[in-house]
Amino acid sequence: MSAGAGSVQPRFLRLADALLLLAAVVAIWQLVYAVAGEVAITPPLATLGFAAHLLGSPVFWRHLSATAIAFGASLAIASAAGVAAGLALGFHRFSGAVAEPILTALYSLPKVTLYPLVLLIFGLGISAKIAFGVMHGVIPVILFTMSAIKAIDPVHLKTARALNLTPVQTACTILAPAVAPEIFTGLRIGFSLTLLGVLIGEMFASQRGLGFMIINGINTHDVHTMMAVILLLTVFALSAGALLLALDRRLHHRA
Amino acid sequence: MSAVARTRLAIVATFMALLELLTRTGAISELVIIPPSAMATHLWTLLATGQLNAAMAQTFANIAIAFALSVTVGFVSGAAIHALPRLRRLLDPLLASYYAIPFFVFYPLLIALLGLNRWPLVAIGFVFGAAAMVIATLNGLDRVPRVLRKVAKVHRMSRREEVLRIVLPAAVPYLFTGLKLSLAYAFIGILAGEFILSGGGLGFSIAFSYDAFDNPTMYALMLFVLALAVALNSSLDWWEQRLMRRRGRA
């Protein structure tokens, strides 16, 4: 991807590009509406209006907070456990080599099919959603942390030894700055996948949350709610993704 | 076999044995997890009696269509985007955060648009897989060494010859990664779609047996999907490594 192009480009040109892309999306959306009609989809402006209306309704905020709590808990668990496991597997080469193919196999699995297992173990409710979010998010965090540790330049560690640094000093001044960018990339991908996991969890066998609102919308032919929630979720996911990506690129460039 | 592979095998085997022991002794209730041996025998019965054939045929056909579509469309649009830098700059932010969009939320919309048939599923598999192929194509075309382009110029190759003899072979490893990811994404997209909302296929069968408290069938199917995904991945990995080795020698 043309990561470098962004920094040289004048700001107004980038803004123009973003607006152009937005206009294209809205145009396609309007076109789909013209083809499919009221039963399937609501037009952009009406959806925006209904989304604004949703933002003012207490029911929406109840569902949103259910999703936010589940997502926050999953993300916290996935990040902490992922970084811890990744550090352990990265430093202990043998365990890392043993675990890596197992992890990549789990990563490319359609985890939805395992959701009933999660439901049977954790029961219906928020803990199943959290566990499912963690299942999605934790593996990329482990894999990226592991590869970050493995990619540390040995010269840096030798420097630490030559300078007689204590383990704590080594960790703070050498290890942490060296692995931070890669781990952040892992957390960024973990963020998106955890959100996906929580939403899928809510779409199946749940009574609360934004995923439930969407499924309920389709089941009761409430196209307005469905479209508005989809719009809000997509905007949130895209802007959070873009923000994390910008931070990610800055971290990588500094390194 | 290397020590690493032996240990890996031992860990997986121990895990299975432990699960078998815990479920057989009742430490884990049969209502939660059934013994792995029971999963395997039940899967065998399902396969032998042909009860799965219809669901399998449907799922595999969907995956194949979605995979073929995402690879061709992904490759062609990747090449087109690479040729048009202006368009590429426009699409760059979208491609960069593409996988942050939870596409499954569009599934109801796709059903409304395309009808309650296989096409919404194929569309989900396609939007999942195509972007991976586009990104891989862009990566591959970006990384063609400049020296090789110069070689083409020195030999006065035509544009067509340059593409066929220089650019595509140089981009093959990246394109292969794209193929691999597309297949994995199509697989995930189709099964997840079937699981959540559709009325047929392997994913649906798992959800259906969950709703019917039919644990043996549910676990047998999970085992089947698991084994399928692992087999698919490891064969593609093996193929990729062979490709890389040959390339290293040449």
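This note walks through a predicted two-chain model, point by point.

1. **Ground rules.** Residues are numbered from 1 along each chain as its sequence is written, and chains are lettered from A, with ligands numbered from 1, in the order in which they are written. Because the model is predicted, local features need pLDDT of at least 70 and side-chain atom pairs count only at pLDDT 80 or more, while totals for chains, interfaces and linings use all residues.

2. **Chain A at a glance.** Welcome to a helical chain: chain A has 11 helices and zero strands. Here helices (H or I, at least four residues) and strands (E, at least two) are DSSP runs, numbered from the N terminus. The C-alpha trace of chain A spans about 70 × 55 × 30 Å along its principal axes. Of the 255 residues in chain A, 38% are buried. The burial terms work like this: a residue is buried if 20 or more other C-beta atoms lie within 10 Å of its own, exposed if 12 or fewer, and partly exposed in between, with C-beta atoms placed from the backbone.

3. **Contacts along chain A.** Among the contacts in chain A with a separation of 6 or more, 76% are between residues 24 or more positions apart. Two residues are in contact if their C-beta atoms, placed from the backbone, lie within 7 Å.

4. **Domains of chain A.** The domain assignment gives domain 1 (1-41) and domain 2 (47-254) of chain A; such bounds come from an automatic or database domain assignment. The C-alpha centres of these two domains of chain A lie 26 Å apart.

5. **A helix crossing to look at.** Find helix α3 (residues 44-55) and helix α11 (residues 223-254) of chain A: their axes come within 9 Å and cross at roughly 85°. That makes α3(A) roughly perpendicular to α11(A). For the terms, axes are lines fitted to C-alpha atoms, for helices over the stretch in contact, and angles run from 0 to 180 degrees between N-to-C directions. Angles under 35 degrees count as roughly parallel, over 145 as roughly antiparallel, 65 to 115 as roughly perpendicular and the rest as oblique. On the α3(A) side, Thr47(A), Phe50(A), Ala51(A) and Leu54(A) take part, and they meet His224(A), Met227(A), Ala228(A), Leu231(A) and Leu232(A) of α11(A). By class, the residues of this contact are seven nonpolar, two polar and no charged. Ala, Val, Leu, Ile, Met, Phe, Trp, Tyr, Cys and Pro count as nonpolar, Asp, Glu, Lys and Arg as charged, and the others, Gly among them, as polar.

6. **Helix α6 of chain A.** In α6 (residues 115-122) of chain A, the buried residues include Tyr115(A), Pro116(A), Leu117(A), Val118(A) and Leu119(A). Gly123(A) follows α6(A) and has a positive phi, near 80°.

7. Is Glu182(A) buried or exposed? Glu182(A) counts as buried because it has 24 C-beta neighbours inside 10 Å. Glu182(A) sits in helix α9 of chain A. Leaving aside residues up to four places away in sequence, Glu182(A) touches Phe144(A), Ser147(A), Ala148(A) and Ala151(A). From Glu182(A) to Val141(A) the C-alpha distance is 9.4 Å, although the two are 41 residues apart in sequence.

8. **Where the chains meet.** In all, 46 residues of chain A are in contact with 43 residues of chain B. Elements of chain A giving two or more residues to this side are α2 (11-36), α5 (93-107), α6, α9 (167-203), α10 (210-219) and α11. The largest share, 10 residues, comes from α11(A). This side of chain A has 39 nonpolar, six polar and one charged residues.

9. **Chain B.** Chain B has 10 helices and zero strands. Its C-alpha trace spans about 75 × 55 × 35 Å along the principal axes, and buried residues make up 40% of its 250 residues. Chain B has a radius of gyration of 22 Å, whereas a compact globule of 250 residues would have one near 18 Å. That radius is taken over C-alpha atoms, and the globule rule is 2.2 Å times the number of residues to the power 0.38.

10. **Two loop residues with positive phi.** Asn164(A) is not a glycine, yet its phi is positive, about 60°. Asn164(A) lies in the loop between α8 (154-162) and α9 of chain A, and is exposed, with 7 other C-beta atoms within 10 Å. In chain B, Phe213(B) has a positive phi near 55°. Phe213(B) is in the loop between α9 (201-211) and α10 (215-249) of chain B, and is exposed, with 8 other C-beta atoms within 10 Å.
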